[in-house]
Amino acid sequence: MRGEGPGFAPVRVLPAGPHALLVELADGEHAEAFHAELLRRRERGELPAVREIVPAARTVLLDGIIDGVHDGTGERTPGERTPRERASGARERFARDLASWRVEPPRREGREPVEIPVVYDGPDLDEVAALWGVPAGEVAALHSRTAFRVAFCGFAPGFGYLTGLPERLHVPRRTTPRIRVPAGAVALAGPYTGVYPRPSPGGWQIVGRMPDPGALWDPAREPAALLVPGTPVRFVAVGARDGGALALPAPRAGDVPAGGSRVGDSPAGDSPAGSPPAGDSQVGA
C-alpha cells in the first residue's frame, strides 16, 4: 500500500507476518520523523494497540497490532470473527491510515548530548585519513567536532547507528572483515559511526576505542541501552592514560522505544534472519 501527502515523500506500507506492518520511507531523515510521529501519537493514545515500534535505516516496523481481545471461553458466537481475522482487519485499517499521514521534518530537541570518550588510535586511522585527504592527526578533530545522533539500533544490544558525518567523510567498509573486533571499538562505514558494545566480527573502519564500553549496555540499568534512537552524541578525544576519566550521563527512561534495540543488519557484513529489506541493506558493515 502506498500513500503520499503534502510535504513528504511517498510511503509504502507492507504486511509483515500475521500482526505487523513494515513502513518503507524515502530516506533516514523521513524514517526518523515517522518514528517520532508514531511515538507522539502513542503517547496521546491515538494509535491502535501496538506492542513494538522499531526504527531502522529507512523503515519502521510496527509489531503486535491487535484489535480487541478474545474472551477466553474458547467458544464463538455466530458471526464472531476469530482473533486472526480481527488482527487482520485492524492491520488493514491501520495500513491505510499510515499511508495517508503527513509527517513534519524531525524536531531537534535541545537535549544535552551523551559524551563518549575516545582514544583515536585505531588500526584503520591512516586509511580513513587517506580517504578524507587529511593527516592522520586530523581525523580525531574532524570526528569529535561532529554533532552525531542515533538514527536507529541493531546488530547487538547497545549498538547504535550514529549519523552526522557530512557526505565527503563517508567511507566504505573494509574489503575483508575482521574475525574479531574488540568491545569499545569506534568505527565508521558509509554515513554511520558505531561503537561496538562487545567483541564480535566486523568490517567497519576502526578509528579509535572507547576505554570503558560497559556503559553502552547495562542490563542492571533502566534503560539498559545508553544510545537509543534520537539520542544526541558527542565524541570526546582523550589520551590513552586518561581515557577512562570521563563520566557518562545516564540515559533518560523515556528515551527507549517499545521493544528496545532491533537486532538486524550486522556490522560483520552478514545478513542474518530478520534483517531489514533491501532498502536498508547499506547498514550492514
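Reader: What does the accessible surface of the protein chain come to?
Author: About 13,600 Å², and 52% of that belongs to carbon and sulfur atoms. Keep in mind that this is a predicted model.

Reader: OK. How many helices and strands does the chain have?
Author: The protein chain has four helices and 14 strands.

Reader: Let's pick a strand. How many residues of β3 are buried?
Author: Five of the five, residues 20-24, so strand β3 is largely enclosed by the rest of the structure.

Reader: Which residues point which way from β3?
Author: Ala 20, Leu 22 and Glu 24 point one way, while Leu 21 and Val 23 point the other way.

Reader: Which sense does β3 pair with β2 in, parallel or antiparallel?
Author: Antiparallel, over five bridges, with β2 covering residues 11-16. One of the bridges has Pro 15 as the partner of Leu 21 in β3. The hairpin of β2 and β3 has three residues between the strands, and Gly 17 there takes a positive phi near 70°.

Reader: And over how many bridges do β3 and β5 pair?
Author: Four, also in the antiparallel sense. Leu 21 stands opposite Leu 62 in β5.

Reader: New topic. Which residue other than glycine has a positive phi?
Author: Phe 155 is one, with phi near 70°. Phe 155 lies in the loop between β7 (148-153) and β8 (160-163).

Reader: Is Phe 155 buried or exposed?
Author: Buried, because its relative accessible area is 15% and the cut-off for buried is under 20%.

Reader: Last one: where is the cis peptide bond?
Author: It joins Glu 222 and Pro 223, with omega at about 0°. Pro 223 sits in the loop between β13 (205-209) and β14 (232-237).

Key. Residues numbered from 1 in each chain as written. Predicted model: local features only at pLDDT ≥ 70, side-chain atom pairs only at ≥ 80, totals over all residues. Heavy atoms only, no water. Helix = DSSP H or I, 4+ residues; strand = E, 2+ residues; numbered from the N terminus. Areas by Shrake-Rupley, 256 points an atom, 1.4 Å probe, with all protein chains shown as cover. Buried < 20%, exposed > 50% of the residue type's maximum accessible area, 1.4 Å probe, protein only. Pairing = 2+ DSSP bridges.
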